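Hi there,

Here is the structure I promised to send over. Have a look at it first, and then read on for my notes.

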Amino acid sequence: MQELYSAARAPFKDSAFLNLPNTRFYEWCHKQYGLNRGVLNTIDNWFYDYGIINVISRRIYMLAFLDYVREAGLRSNGQKFVKFGHGGLSEKLKEFLKLHDAHAYSI
């Protein structure tokens with residue numbers, strides 16, 4: 001599948017990947033961000049528990065968060081997956097929300 005999304009080139013809400021079936025969305029995230037399925041599911045659940053119920057809005061938040069993580073350099077060369085460390089994922093999610101308006105990515 002051709003890469004149609006990049007935060008630098010298109011707004012999150014216009015991403016062609018938001019409506020993919022779950023498996024394809026995971027595969028794309030894995031390829032783009034080096035994310036394993038467990039971490040992706042944890043991020044999805046965390047945003048849901050935070051109150052972002054709409055699936056499309058949650059995926060927009062997930063993409064924005066993953067771009068944020070990539071910019072923070074949590075995946076160094078040679079690593080297969082993003083590494084957060086014990087408790088690091090929750091801390092990064094909280095940090096991300098502090099830096100971004102709580103409704104910035106809602107549709």
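Predicted model: local features only at pLDDT ≥ 70, side-chain atom pairs only at ≥ 80, totals over all residues.

Let's start with helix 2, which covers residues 37-50. Its 14 residues reach 20 Å from the first C-alpha to the last, close to the 20 Å expected at 1.5 Å a residue. V39, L40, I43 and F47 are the buried residues of this helix. Seen down the helix axis, they fall within an arc of 105°, so they line one face of helix 2. What do they pack against? Their partners are helix 1 (22-33), helix 3 (55-72) and helix 4 (88-99).

The ends of helix 2 are worth a look too. Just after the helix, G51 takes a positive phi of about 120°.

Next come helix 3 and helix 4, which pack at an angle of about 105° with their axes 11 Å apart. That makes helix 3 roughly perpendicular to helix 4.

Is R58 buried or exposed? R58 is buried, because its relative accessible area is 9% and the cut-off for buried is under 20%. Its side chain reaches the backbone oxygen of I53 at 2.7 Å. Leaving aside neighbours within four places in sequence, R58 is in contact with D44, F47, Y48, I52 and I53.

Best wishes

Notes:
Residues numbered from 1 in each chain as written. Heavy atoms only, no water. Helix = DSSP H or I, 4+ residues; strand = E, 2+ residues; numbered from the N terminus. Expected span 1.5 Å × (residues − 1). Buried < 20%, exposed > 50% of the residue type's maximum accessible area, 1.4 Å probe, protein only. Arc of directions from axis to C-beta. Contact = heavy atoms within 4.5 Å. Axes fitted to C-alpha atoms, helices over the stretch in contact; angles between N-to-C directions. Parallel < 35°, antiparallel > 145°, perpendicular 65-115°, else oblique. Polar contact = N/O pair within 3.5 Å; in protein donor to acceptor, adjacent residues only side chain to side chain.
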